[in-house]
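Hello,

Here is the structure we talked about handing over. My notes follow below it.

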Amino acid sequence: MIAPRWGFRLGWVALAAYVAYALARLDFSWPRFVTGLDNGARFIARMIPPRIAQPDSLANGLLESLQIAVLASFIGILIALPIGLLAARNLMPPWVSWPARALIALARSFHPVIVAIVFVKAVGFGAIAGICALVVGSVGFIGKLFAEAIEEISLKQVEAVRATGASFLNVITFGVMPQVFGRFIGFATYQLDSNLRNSTMVGIVGAGGIGGTLFSAFQRFDYDFVAAILLSIIGLIFAGEVLAAWVRGVFLARGKVEEE
Amino acid sequence: MSMVFDGAGTRTWKRFTPRQRIARFAIYLALVAGIVASARSVEVIPEFLIDAPAQMQDLFKRMWPIAWAHYPRGVHDSLVETLHIATLGTILAVAMALPVGVMAAHNVVPFKPLNYLAKLILVASRSVNSLVWALLFVAIFGPGALAGTLAIAFRSIGFVGKLFGEALEESHRGTIEALEASGAPWRSRFAWGYWPQVEPAFWSIALFRWDINVRESAVLGLVGAGGIGMALDTAMNLFQWDRVAMVLFAIFAVVVIAEIAVTQIRKRIL
């Protein structure tokens with residue numbers, strides 16, 4: 001019992017030492033924190049009550065965010081499915097799966113907002129840049145999970161379908177797809193949800209949606225409008241989450257025997 | 001979808017009930033309608049789209065060659081700062097999320113109002129994006145790494161707390177009942193009954209969140225919350241695209257290294 005206890009204590013000491021070092025390095029100080037709390041109180045006081053200063057720009061921003069999320073999820077999933085299939089190592093030879101896996105890793109490694117910056121330069125300010133950025137993110141996420149789901153399937157069914165002399169497309173449709181459909185619904189709804197969250201953010205770099213309205217309200221110190229925007233974003237995301245849960249419920253429910 | 005007839009044809013097996021069929025149909029319909037409506041009404045400026053390939057080419061031409069020489073002066077320090085923001089933010093988040101996660105687990109704290117309060121805290125933390133948290137903390141504490149660290153911490157509470165609470169709720173009653181029967185106080189029950197069961201999940205959640213936080217802390221600088229995003233923002237505002245490419249490469253390298261590190265650690269300790 002004694003040896004692991006010592007390791008345990010050493011771990012705590014190391015943790016405390018790291019925290020102290022990092023705090024010093026990041027220029028934290030107590031007076032700064034206290035001033036901040038003061039500012040924070042004033043800040044919150046200015047946020048209450050929330051006020052919808054520009055109803056038009058709020059409504060348009062929310063609508064545009066929703067459009068970005070829907071289109072990005074649709075296009076992203078459409079592109080991600082074949083790439084995920086190519087990346088599955090149990091169905092594809094290594095010379096196909098490795099490039100596909102590299103593409104997925106590349107798409108996953110950047111935050112959507114950073115990808116959005118590049119697309120703002122490429123296709124200009126506006127919703128298209130946001131859609132492109134979220135498509136890249138969706139391809140990375142769905143592609144990875146879809147490939148993993150396919151790698152975990154039982155090959156017996158695939159073999160059985162193949163033994164009937166089915167073509168490659170038929171093997172995929174009847175041997176692979178039924179096994180991964182449930183999980184696919186799970187991460188497709190998750191991705192729509194996640195795109196909705198991110199579509200409210202890409203506007204910070206000019207890629208359309210409510211984020212732009214939010215950022216400019218911040219810069220004008222319109223904190224009561226900021227509060228109103230934040231509340232409506234949370235409302236939108238919450239509605240999206242409820243809807244996603246309902247869709248999952250519909251698709252993942254089991255069939256019932258029915259008397260006629 | 002599939003229909004199987006029994007010998008006489010009186011009993012049929014259907015995969016879905018009519019209600020399920022209608023619900024599915026409604027979802028497909030709503031999906032198509034949503035996509036079509038979005039595609040038709042989203043604002044597209046055709047000139048920008050036609051221009052895109054040329055702009056892309058121009059962008060990559062400006063990014064190449066990558067300004068490697070910029071790394072020691074302009075990138076290294078902010079890269080290290082980003083890692084500190086992510087790590088310190090995760091530590092803070094875990095410290096704050098543990099009690100909330102315990103409060104959210106109804107089998108550990110069998111008191112409904114407290115469960116709901118904890119769930120509310122977790123949902124609130126998760127529904128605000130880390131960039132928004134960063135904007136808020138920049139407004140409160142001024143620009144810098146302090147705002148970034150707190151943004152990462154507050155965004156992560158919801159994630160860590162939710163998963164930790166769920167892990168607690170899934171723990172088996174056996175040892176806990178044994179401890180209860182022996183009259184163990186609350187703290188012993190937690191330390192010897194629940195903790196050993198959720199410890200692997202705990203480390204896995206913390207590592208996973210750290211990995212995510214490394215990615216997220218790289219963009220916080222765009223709103224002034226410290227880290228490598230500040231270097232990115234400066235380079236972009238000055239249109240120094242070769243330096244932007246350098247920063248992007250640094251972010252890519254760190255993210256990849258973090259992911260490899262997490263995978264290795266997970267393999268070793270779990």
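Helices here are DSSP runs of H or I with at least four residues, numbered from the N terminus. By that rule, A:Ala160 falls in helix α7 (residues 155–163) of chain A. Please keep in mind that this is a predicted model.

A:Ala160 is partly exposed, because 13 other C-beta atoms lie within 10 Å. A:Phe251 is 91 residues from A:Ala160 in sequence, and their C-alpha atoms are 26 Å apart in space.

Next, the core. The largest nonpolar core holds 144 residues. Those with the most contacts inside it are A:Ala116, A:Phe119, B:Ala134, B:Phe137 and B:Val247. Helix α6 (residues 127–151) of chain A gives the most to this core: 17 residues. Leaving out residues up to four places away in sequence, A:Ala116 touches A:Ala129, A:Gly130, A:Ala133, A:Val202, A:Val205 and A:Ala207.

Then the contact between the chains. Chain A puts in 46 residues and chain B 53. On the chain A side, elements giving two or more residues include α1 (2–25), α3 (55–87) and α10 (223–252). That side has 27 nonpolar, 10 polar and 9 charged residues.

Last, a helix pair in chain B. Helix α6 (residues 145–169) and helix α8 (residues 186–217) pack at about 150°, with axes 9 Å apart. The angle is over 145 degrees, so α6(B) is roughly antiparallel to α8(B). Their crossing is right-handed. Among the residues in contact are B:Phe159 and B:Leu163 of α6(B), and B:Phe202 and B:Ile205 of α8(B). By class, this contact has 13 nonpolar, 4 polar and 2 charged residues.

Best wishes

Terms used: Residues numbered from 1 in each chain as written. Chains lettered and ligands numbered in written order. Predicted model: local features only at pLDDT ≥ 70, side-chain atom pairs only at ≥ 80, totals over all residues. Core = buried A, V, L, I, M, F, W, Y, C linked by C-beta atoms within 7 Å. Buried ≥ 20, exposed ≤ 12 C-beta atoms within 10 Å, placed from the backbone. Contact = placed C-beta atoms within 7 Å. Nonpolar A, V, L, I, M, F, W, Y, C, P; charged D, E, K, R; others polar. Axes fitted to C-alpha atoms, helices over the stretch in contact; angles between N-to-C directions. Parallel < 35°, antiparallel > 145°, perpendicular 65-115°, else oblique. Left-handed = near helix turned anticlockwise from the far one by under 90°.
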